[in-house]
Amino acid sequence: MNHRRASLRRLNRYLRHSDRILASWDAYTEFNTDLDGWPLDQDAYGRRAAVRDADTAAAFAGIRSDTRQLLATARFQLHHLPAHLTRKSWPGQLTILEEALRGLDAMDAQWQQTRAQLPADAGPGSEAYDDALDEHHAECWSYLDDWACHGRAVLDIHTATRRAASQPKRPHVPVLTARHAGYRATRR
């Protein structure tokens, strides 16, 4: 249970961190784009987007190893929750998170191939490596953003499960029926 709790805390930390990253990005774009949304300085805008993407990827790295277990547990919990404690959006949100995780897996496999094809002297800090890594982070960003937007569903399902467990069990009361069904004539 401690591992689960730690995983949920890391997910919550990612959600808070990604909210701050996105708020910072939104503030940057507000002051660095024209009225039509075009960047005032394309190079600076691209560099700032690369920072956003890299920061989001770094934040997600802290929960990446937990994501499959978090999703499996949330699916199980959702299946066993009473209907009055669930939200209709949760199954769809879990599906989005699963698809995003598959997308990230594909991007990671592609990154491994890209790294293998880089020149031997192209390590971290070299232009070739850093450009390829920036491109990788840019391709991953929408999947990471899906986790930022829908990851709260995992936490909400956990909270609903705890709420369901803390609610007192209602004793089963047998249905009482009248001895004589229908109209009962009175004695005269």
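Start at the second largest pocket, where H5 supplies the largest share of the lining, four residues. (Helices here are DSSP runs of H or I, at least four residues, numbered from the N terminus.) This is a predicted model, so local features need pLDDT of at least 70 and side-chain atom pairs pLDDT 80 or more, while totals for chains, interfaces and linings use all residues. Residues are numbered from 1 along each chain as its sequence is written, and side-chain values use heavy atoms, without hydrogens and water.

Now select the lining: Ala 57, Phe 60, Ala 61, Arg 64, Leu 104, Asp 108, Trp 111, His 136, His 137, Cys 140 and Leu 144. H2, helix H4 (90-117) and helix H5 (127-150) each give two or more of these residues. By class, you have seven nonpolar, two polar and two charged residues.

Next, show helix H1 (residues 2-31) with helix H2 (residues 42-61): they pack at about 175 degrees, axes 9 Å apart. The axes are lines fitted to C-alpha atoms over the stretch in contact, with angles running from 0 to 180 degrees between N-to-C directions. That makes the pair roughly antiparallel, a label for angles over 145. For the contact (heavy atoms within 4.5 Å), pick residues including Tyr 14, Trp 25 and Tyr 28 of H1, and Tyr 45, Arg 52 and Phe 60 of H2.

Last stop: Arg 10 and Asp 66, a salt bridge with its closest N and O atoms 2.7 Å apart. Arg 10 sits in H1 and Asp 66 in the loop between H2 and helix H3 (67-80), so the pair ties together parts 56 residues apart in sequence. The cut-off is a side-chain nitrogen of Lys or Arg within 4 Å of a carboxyl oxygen of Asp or Glu.

Terms used: Angles under 35 degrees count as roughly parallel, over 145 as roughly antiparallel, 65 to 115 as roughly perpendicular and the rest as oblique. On a 1 Å grid over the protein atoms alone, a cavity is a set of points where a 1.4 Å probe fits but cannot get out, and a pocket is an open set with protein on both sides within 12 Å along at least five of seven lines; lining residues have an atom within 4 Å of a point. Ala, Val, Leu, Ile, Met, Phe, Trp, Tyr, Cys and Pro count as nonpolar, Asp, Glu, Lys and Arg as charged, and the others, Gly among them, as polar.
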